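Q: Can we go through this structure piece by piece? Here it is.

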Amino acid sequence: MFGIGLKKRAKQDLRDTPIPEGHHLLEVNDLKMYFHTQDGIVKAVNGVSYTLDRGETLGVVGESGSGKSVTSLTIMGLIDMPPGKVEGGDVLYRGKSLINMTEEEMESVRGNDIAMIFQDPMTSLNPVYTIGRQLSEGMRLHKGMGKKEALERSVELLRMVGIPNAEQRVKEYPHEFSGGMRQRVMIAMALACDPDILIADEPTTALDVTIQAQIIELMQEMQQKNGNAIIMITHDLGVVADIADKIMVMYAGSPVEFGTRDEIFYNPIHPYTWGLNRSIPEPAIDEKHPLTPIKGNPPSLVDLPKGCSFAPRCPYATDKCHNEVPPIYTTETGHYAKCHYCNDKDFVAKNAPATSRTKTAPIAEKKGADA
Amino acid sequence: MADSNVLLRVENLCKEFPVDSGFIAKHSKNARSVHAVNNVSFDIKAGETFGLVGESGCGKSTTGRCIMRLIEPTSGKVIFEGNDVASMNAKELKAMRRDMQFVFQDPYASLNPRMTIGEIVSEPMVIHNTVPDKDERIEIVRTLLDTVGLNPEHINRYPHEFSGGQRQRIGIARAFALRPKLIICDEPVSALDVSIQAQVLNLLSDLQKEFGTAYLFIAHDLSVVQHISDRVAVMYLGNMMEYSDWKTLYAEPCHPYTQSLLSAVPIPDPDIQASRNRIILRGDPPSPIDPPSGCPFHTRCPIAQAKCSQDKPELREVLPGHFCACHFAEPNPIKESSIEL
């Protein structure tokens, strides 16, 4: 990917083609990515679906090993195959399938139309090239820019992401930058070709909170300016509360719940989402409430439970849950969840955790539900 | 401060790591060093949880390690049950460590892969010879494993057969094997997923209720520290900035750094998050090799004045039990009008 010889190419970008009628900017339909290993088939991504439009931010939350990173790496075509194999489903970008693209076509999309920021800013920059050269690489490859022009644009980009003294800094090497500064460089690099979609895989996990706040603010500013879509992969519910429009909660390779930010935070219907909610220490000032953790550990992706994959840890699981895979239940607003009982309003009202909205305003309503 | 209840008192603890290697460089007049911990003082009462928070590189882990003398402090006193840990000889140190144990951050690196968990958990009892009888020891280990929520039947398994959360439970069982009076927990949950993190936090609270152990809880996650601690201290660049009981510190922080830190933590509730007044600090923390003059925070502080770059503010008691190192400390020094961003 980071070859020395940079082919100059100035061809039609896919992002200039209009989105076909009835399609979204990005559509992921029932995507399945399995890894064939010695221990068996690892079902890393097992039926993920969502849509994304320009200017939107999708938050993908889940614990480690829930398949959130593999989903986005599959979209980018960055999974080694073998051992990986797409076992079904499709990813449509502006109506065109990314899964069926040739490597050459994919190369012009990757880093250009769809760009990615990785978790660890310490290891995702090449230590032997200057920041300027690494920033220029994408622009020279995708935009056919000359060396000088690309370097000028690099300075501009560094300035845009808030790096002081940019003319000097482009000549420096990654080790001369702090963690937060390197993550800014990664963002500048991802934005260099003005992408349609920016995938950020845990972009702030390795950073301190004060730096995290800076990076999130920067990503939002850039989105407002460029109108790109963001896929924000994180394990931190606080981060998605801050920036996401839509949220997908993943567990053991499948999305268990998907909805708008308000739906996920104030009207969650899946027991796993409730469990996550109750596991987080509340920022309450008055008194401390004990945490209610989710019992047990996530299942092995090689040997998923027969029924619902969350059933062994779910406090409400019944025989049906242990034996039958739950269907996806969708509401009118597009809010969906994968649970046998999530369309049972009484079940949800009885067991869902209290939120700041239910606690203050609709007390009367809650009383009605209890009676 | 002369409270009979005080279990551990840290006075003016300092730790400097030399930067330059070699005999001449080390002994030259202008040898540089990393000022990891700078005049830190606090005390921990028996049975309480004292939280220590700060960003990476602020010296919180070094403080924890100096207290146990896993690394030698440069100067200062660590008084544990009336005896100065810093001046103990090896024999005294060993006896002291019976009462002070450590839980490490990384549950993958802190357990010997060649020992069964039975051996790991019983090792402290062997070293200190508290339970000479082997069968009795195994019985205690089984009880401990049961207490921390592991199956006692797994006593002969090896660490690799356990998940991260379970390994952290093994580390906790080991720390409790000697029924210590103080356990230093250095980021015990930061390597774990949220659902597992909650399990371990609950376990630590339950064990504290049962055994009355005091914790020094070191973490970077402010909401975790708030949840578990009775009192909380905030460190920045090796200095103690503020400490108080948890309620006051989180509700009415006096130090501008504490306020910025609290406001930077995203709250998992969009309504609350949208209504907050956020202070976003500019820049990175300065290097501890060459810390700024005056107040260590003045380079990033939104309300810094000329005085801040010259005089270093001392930790002073602004309200009873509430200590803060800032010239302008008062509840909420950063008001909307004073922020210019």
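Notes on a two-chain model

A: A:P83 is found in the loop between helix 1 and strand 4 of chain A. Helices (H or I, at least four residues) and strands (E, at least two) are DSSP runs, numbered from the N terminus.

Q: Before more of that, what kind of model is this, and how are things numbered?

A: This is a predicted model, in which local features need pLDDT of at least 70, side-chain atom pairs count only at pLDDT 80 or more, and totals for chains, interfaces and linings use all residues. Residues are numbered from 1 along each chain as its sequence is written, chains are lettered from A and ligands numbered from 1 in the order in which they are written, and side-chain values use heavy atoms, with hydrogens and water left out.

Q: Back to that loop. Which residue is joined to A:P83 by a cis peptide bond?

A: A:P82, with omega about 5°. A:P82 lies in the loop between helix 1 and strand 4 too, and a cis bond also joins A:M81 and A:P82, with omega about -10°. Most peptide bonds are trans.

Q: And helix 1 of chain A, is it mostly covered or open?

A: Mostly covered: seven of the nine residues in helix 1 (68-76) are buried, where buried means under 20% relative accessible area, exposed over 50% and partly exposed in between (1.4 Å probe, protein chains only). Among the buried ones are A:K68, A:V70 and A:I75. Just after the helix, A:G77 takes a positive phi of about 65°.

Q: What does A:G84 touch?

A: Not counting residues up to four places away in sequence, A:G84 touches A:M33, A:Y34, A:F35 and A:I79; contact means heavy atoms within 4.5 Å. A:G84 is in strand 4 (residues 84-93) of chain A and has a relative accessible area of 5%, so it is buried. A:H36 is 48 residues away in sequence, yet the C-alpha to C-alpha distance to A:G84 is 6.4 Å.

Q: Why does A:Q134 count as buried?

A: Because its relative accessibility is 9%. A:Q134 is in helix 3 (residues 131-143) of chain A.

Q: Which backbone oxygens does its side chain reach?

A: That of A:N126 at 2.6 Å and that of A:Y129 at 3.0 Å. The contacts of A:Q134 beyond four places in sequence include A:P174 and A:M189.

Q: New topic: the interface. How many residues does each chain give?

A: Chain B gives 44 and chain A gives 43. Between them they bury about 3,600 Å², 56% of it on carbon and sulfur atoms. Buried area is the accessible area (1.4 Å probe) that two parts lose on being put together, summed over both. B:H227, B:P268 and B:P270 supply 16% of the area that chain B buries against chain A, more than any other three residues.

Q: How many salt bridges and polar contacts are there between the chains?

A: Two salt bridges, a salt bridge being a side-chain nitrogen of Lys or Arg within 4 Å of a carboxyl oxygen of Asp or Glu. One of them pairs A:D242 with B:R278 (2.9 Å, N to O). There are also 16 residue pairs in polar contact, both residues at pLDDT 80 or more. A polar contact is a pair of N or O atoms within 3.5 Å; within protein, one must be able to donate a hydrogen and the other to accept it, and residues adjacent in sequence count only if both atoms are side-chain atoms.

Q: Which helix gives the most to chain B's side?

A: Helix 7 of chain B, with eight residues.

Q: Where is B:S229?

A: In the loop between helix 8 and strand 9 (231-236) of chain B. B:S229 is buried, with a relative accessible area of 0%, and its side chain reaches the backbone oxygen of B:V225 at 2.8 Å. Its contacts beyond four places in sequence include A:K288 and B:W246.
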